[in-house]
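Student: Hi! I've just opened a new structure and could use a hand finding my way around. Can we go through it together?

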Amino acid sequence: MTYFTSFDKIQFEGKTSKNPFAFKQYNPSEVVSGKTMEEHLRFAVAYWHTFNANGTDPFGSATMIRSWDKYDGLDRSKARVEANFEFMDKLNIPYYCFHDADIAPEGATLQETNKNIDVIVAMLKDYQKQTGKKLLWNTANNFTNPRYVHGAGTAVNANAYAFAAAQIKKGLEVGKELGAENYVFWGGREGYESLLNTNMALELDNLARLYQMSIDYANEIGFDAQFLIEPKPKEPTTHQYDFDAATTIAFLQKYGLQDKFKLNLEANHATLAGHTFEHEIRVAATNGMLGSLDANQGNMLLGWDTDEFPTDLYTTTLTMYEVLKAGGIGRGGVNFDAKVRRTSFEMDDLALGHIAGMDSFAWGLKAAAKLIEEKTFDSLIDDRYATFTTGIGADVVAGKSSLKALEAHALTNPVVDNKSGRIERLRLQLSEAIYSV
Ligand code: XUL
Ligand code: CO
């Protein structure tokens, strides 16, 4: 059965093409900075936004027209599997990602839910084998069910904590079965609404314990995926513990978990935290913690997570600039944690949304590679920090200085010769690079 009937395989047609169902920038086999675009970008479809989301918002009911919605229950889950692989094939997307709750209906009991999951996982495995498509990551949905109203890994109730652990255990087994590259933890309910009823110390200790148990179980079953934590400052919880990259890294370091985890960073989560996406990537990369990317963008006029497809070329360029500088995305990828707008309700919009995101990232990759090749920013940075390469500055960097030595230097060198940071010039150079590719 065909679910997407109005377009075939999306081809690269180049910048002059006017065909909406063609790539203008994403040319998978084109080599940029020593690797093909496909190797750099490792695009993934987010199952939940593409195959589950129905367009509801707090004020309105479903709008999405979806060809698999003629089925129900497990039959609909099976149809979504077929649609997923057809979509990945037609869009030339090598990876996909899902929550347990996305792929199979929840049963009346955990046993029943796991049975449903097993049916779908067998099917996914079969399709992966036939198509060569891969699982970038899976995760447990430990936030939708009302049992997690007071948290999952930070639950106030040990029975809810146990249920979350059971879902993670199953998730690790599923990840192993499907050869997932990564396993993600996103703590939608791991936070608090009010300190007046919260034992923060216990909640954080318990969360770390759950992470440690997850590492232990993955080792026990021989699942060697990269573990990722996805920071987000708020929504749905008022204050989430994994607030941003820096907070999450500090948490992992406190509990001695930093070598077992990396970060899955999301653009709209960065902006909710008051950061840019490139800031979050730089913080992670500087600490050796860059794992994977959830690609999307927020609406700067709104204060919530709108998960729009990324089309802002300044951000995609700066994102890929940071990724290239970090030496690549490793086992991670660029997962479109993005949903078409409620008003974009036709089946074709799913393809058009992904094409927009893929072309925008390919564009950003090419512009970033050019900026690096031409040392547009590097030469200025080298110049800015030049005083740390000789004399007293070199001593500081070598760890050979002291307050006394620095004071002696300051006493005999009273003039600090600062130079302009050239922000405006650099911003124009960024624009020039984007418009030149
Ligand atoms: C929520 C979000 C999640 C995670 C996986 O904002 O980003 O979909 O990516 O649970
Ligand atoms: Co996400």
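Tutor: Happy to! One term before we start: a residue counts as buried when its relative accessible area is under 20%, as exposed when over 50%, and as partly exposed in between. Also keep in mind that this is a predicted model.

Student: Good, let me try that. Is Glu-86 buried or exposed?

Tutor: Glu-86 is buried, because its relative accessible area is 14%, under the 20% limit.

Student: And which side chain does Glu-86 meet in a salt bridge?

Tutor: That of Lys-90, with N and O 3.0 Å apart. Lys-90 is buried too, at a relative accessible area of 10%.

Student: Where do Lys-90 and Glu-86 sit along their helix?

Tutor: They are in helix H3, which covers residues 73–91.

Student: Are Arg-42 and Glu-181 buried or exposed?

Tutor: Both Arg-42 and Glu-181 are buried. They also belong to a network of salt bridges that includes Asp-224 and Arg-331.

Student: What about Arg-282 and Glu-322, how do their side chains meet?

Tutor: In a salt bridge, at 2.6 Å from N to O. Arg-282 lies in helix H10 and Glu-322 in helix H11, so the pair ties together parts 40 residues apart in sequence. Arg-282 counts as partly exposed, at 46% relative accessibility, whereas Glu-322 counts as buried, at 10%.

Student: Changing topic: which residues surround ligand 1?

Tutor: Among them are the tryptophans Trp-48, Trp-137 and Trp-186, along with Glu-230, Lys-232 and Glu-266. His-99, His-269 and Asp-337 are part of the surroundings as well.

Student: How far is a polar side-chain atom of His-99 from an oxygen atom of ligand 1? I'd like to zoom in there.

Tutor: It is 2.7 Å away. For His-269 the distance to a ligand oxygen is 2.8 Å, and for Asp-337 it is 2.8 Å. Of the 300 Å² of accessible area that ligand 1 has on its own, the protein covers 93%.

Student: Last one: which residues touch the most other members of the largest nonpolar core?

Tutor: Phe-4, Leu-41, Leu-91, Tyr-96 and Leu-124, in a core of 114 residues. Helix H12, residues 347–373, gives the most to this core, with 12 residues.

Student: And what is Leu-91 in contact with, leaving aside its neighbours within four places in sequence?

Tutor: Its contacts are Phe-7, Ile-10, Phe-23, Ala-351, His-354, Ile-355 and Met-358.

Notes:
Residues numbered from 1 in each chain as written. Chains lettered and ligands numbered in written order. Predicted model: local features only at pLDDT ≥ 70, side-chain atom pairs only at ≥ 80, totals over all residues. Heavy atoms only, no water. Core = buried A, V, L, I, M, F, W, Y, C linked by side-chain atoms within 4.5 Å. Buried < 20%, exposed > 50% of the residue type's maximum accessible area, 1.4 Å probe, protein only. Helix = DSSP H or I, 4+ residues; strand = E, 2+ residues; numbered from the N terminus. Contact = heavy atoms within 4.5 Å. Salt bridge = Lys/Arg side-chain N within 4 Å of Asp/Glu carboxyl O. Near = heavy atom within 4 Å. Polar contact = N/O pair within 3.5 Å; in protein donor to acceptor, adjacent residues only side chain to side chain. Areas by Shrake-Rupley, 256 points an atom, 1.4 Å probe, with all protein chains shown as cover.
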